[in-house]
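User: I am new to this structure and would like to know the grounds for the words used about it. Please take the terms one at a time.

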Amino acid sequence: MAATTHTVTNQAPPLVEYDVFTSDRALAEAVERHVPPGLADQACQELSELGVAAGSARAQEWGAQANENPPRLRTHDRYGNRIDEVDFHPAWHRLLGHAVASGLTNAWGRPSGHVRRAAGFLVWTQTEAGHGCPLSMTHSAVPALRADPELAAEWEPRLTASAYDPELRPPAAKAGNLLGMGMTEKQGGSDVRANTTAARPLAAEGEYVLTGHKWFCSAPMSDGFLVLAQAPGGLTCFLVPRVLADGTRNVFRIQRLKDKLGNRSNASGEIEFEDTWAHRVGDEGRGVRTIIEMVSATRLDCVIGSAALMRQAVAQAIHHSAHRHAFGGPLIDKPLMRNVLADLALESEAATVLGLRLAAAYDAGTEQERAFARLAVPAAKYWVTKRCTPLAVEALECLGGNGYVEESGLPRLLRESPLNSIWEGSGNVQALDVLRALQREPGALDAFLGEVGPARGADHRLDGAIKALLTELADLDGIEARARRVVERMALVLQGSLLVRWAPPAVADAFCASRLGGDWGAAFGTLPHTLDLAGVVERARPVV
């Protein structure tokens, strides 16, 4: 009788058919904390429904299909007419449609809208991160458009609608619209004041034609785009519709799609304008000030998006370790593996708690909260997105060779992980923005310290870190060269203060001991062995 060689044993089952939201205790607690009691139950119910959908085998298959079948550019039709269209796999449209229907472009003007939307974004983009780009930009465009009340009145209801319509039609003829963005150019990158795209005014008030190029244009099949161009009065923000009101195509030539490291499901295009019709948003010469409202909101989404990637990576690593046996028992029970998993879980929870706290600042909308966000958002964007890639690498290693195989999903998380540290300004840009706020807006530092203050006295390591940060900030000479060090300390102090106030003692103690107390190595998995590592891991374990 032939030997049986293909019986599958000791392989972890797929992590499917679970509630991504309620399994994430740190996220669920943050929603309950930041959403008023009368609304929290409804918000958690909605997020649980989204979590069940995100954890389904069907949604996970959509994510895999969208990445295995990347978008394809068609510059011309069969007759030679220029059409500049991008074809997406049906799975992309299913992901995007479910997200829009779930309110992931609608935060503005509804109670606790930013916290609810941020939590939903964190949950749903765990299925697939690429389609988060058009969701983020559509959501973030609203405050920029409000620089022109008439444009905002026309576009905002469609941007916040729950209807997804991928057809190229006049925006007003559709129940829902998506918006993209085009800022960077070949010669300037983050230095948008070096842009050369020219805007020539027409006779009608607010109307212009643009000529130039954009090196990166996100989601080029959107209904409209916020772009920067040089008007007679200086760098100005414009709204460029993809299709004009009479149904004709605006001049929007997609020269090519970028061949990217990750984010494969999402199209990023290189665009040429030639007498392209546009409507001015805000005053001439105030383009950066106008579009910075959009940039600030997308930077927060970089934090939330990285927290989502972290959470999914940690969930996969813990799930695998709970089911995989080696050397006489489950991997999760091995002291060294437990140390690694606990360290990863700490990083994930700190990112989630910080991201939801920032979303709550947007909901509050007070001067104090705006000042806090002015400093905390770029600091969080700098640090959380920086921590995402090493976490993804370590989580992949927890699965061993299985994690290096595409079917595990970890390689996709790893390829995606560096994106948010680059999108909307790389690390240096964020660090310099923090310095700018410190030097020009003293109220921002006061608000930051006011946020950290309630946790003082609760942990001596946090107190020491706050004191060291204040010493660092007292000496602004040559601060640019040490800006990354300063911003890292700010982010860690803020995360530590939030965890001390709100996380279980085991989590707060482990974070302060390692990130603030210095009892930590350079790699993940080097936490002090005296900590309650099992409690930290169990808290992060997904419930299937």
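Analyst: A point to begin with: Thr138 is buried, with a relative accessible area of 0%. Thr138 is part of helix α6. The model is a predicted one.

User: Why is Thr138 called buried?

Analyst: Buried means under 20% relative accessible area. Thr138 has 0%, so Thr138 is buried.

User: What does Thr138 touch, leaving out residues up to four places away in sequence?

Analyst: Thr138 touches Thr105, Leu159, Asn177, Leu178 and Leu179. To count as a contact, heavy atoms must lie within 4.5 Å.

User: How do you know whether Ala144 is buried or exposed?

Analyst: The cut-off for buried is under 20% relative accessible area. Ala144 has 1% relative accessibility and therefore counts as buried. Ala144 also lies in helix α6, which covers residues 132–145.

User: Which residues touch Ala144, not counting those up to four places away in sequence?

Analyst: They are Leu226, Val281, Thr290, Ile291, Glu293 and Met294. A further distance concerns Arg289: it is 145 residues from Ala144 along the chain, and the two C-alpha atoms are separated by 9.0 Å.

User: Which residues of helix α1 are buried, and what covers them?

Analyst: Helix α1 spans residues 25–34, and its buried residues are Ala26, Leu27, Ala28, Ala30, Val31 and His34. The cover includes α2 (37–54), α5 (113–124), α9 (335–364), α16 (483–502) and α18 (533–540).

User: What makes Asp283 partly exposed?

Analyst: Asp283 has a relative accessible area of 49%, so Asp283 is partly exposed. Asp283 sits in the loop between β9 (268–281) and α8 (287–323). From Asp283 to Ala317 there are 34 residues in sequence and 50 Å in space, C-alpha to C-alpha.

User: Why is Glu407 called exposed?

Analyst: Exposed means over 50% relative accessible area. Glu407 has 80%, so Glu407 is exposed. Its place is the loop between α10 (367–398) and α11 (410–416). Glu407 and Ala64 are 343 residues apart along the chain, with C-alpha atoms separated by 8.7 Å.

User: What is stated about the phi angle of Glu17?

Analyst: Phi of Glu17 is near 55°, which is positive in a residue other than glycine. Glu17 lies in the segment before α1. Its relative accessible area is 53%, and because exposed means over 50%, Glu17 is exposed.

User: Where is Phe327, and is it buried or exposed?

Analyst: Phe327 is in the loop between β10 (325–326) and β11 (329–330). Phe327 is exposed, with a relative accessible area of 81%, as the cut-off for exposed is over 50%. Phe327 has a positive phi of about 55° although it is not a glycine.

User: Which domains does UniProt list, and where?

Analyst: The unreviewed UniProt entry gives "Adaptive response protein AidB N-terminal" at residues 10–166.

User: How do you know whether the chain agrees with a compact globule?

Analyst: With 544 residues, a compact globule would have a radius of gyration near 24 Å; the chain has 24 Å, so the value agrees. The C-alpha atoms fill a box of roughly 75 × 75 × 45 Å along the principal axes. Of the 544 residues, 58% count as buried.

User: What share of the contacts with a separation of 6 or more joins residues 24 or more positions apart?

Analyst: Such pairs account for 73% of those contacts in the chain.

User: How many positive and negative side chains are there?

Analyst: The chain has 55 positive and 64 negative side chains, and the centres of the two sets lie 2 Å apart. The accessible surface comes to about 21700 Å², of which 52% belongs to carbon and sulfur atoms.

Definitions and conventions. Residues numbered from 1 in each chain as written. Predicted model: local features only at pLDDT ≥ 70, side-chain atom pairs only at ≥ 80, totals over all residues. Heavy atoms only, no water. Rg over C-alpha atoms; globule rule 2.2 N^0.38 Å. Buried < 20%, exposed > 50% of the residue type's maximum accessible area, 1.4 Å probe, protein only. Areas by Shrake-Rupley, 256 points an atom, 1.4 Å probe, with all protein chains shown as cover. Lys, Arg positive; Asp, Glu negative; His and termini not counted. Charge placed at Lys NZ, Arg CZ, Asp CG, Glu CD. Helix = DSSP H or I, 4+ residues; strand = E, 2+ residues; numbered from the N terminus. UniProt positions renumbered as here; feature names shortened; annotations may be inferred.
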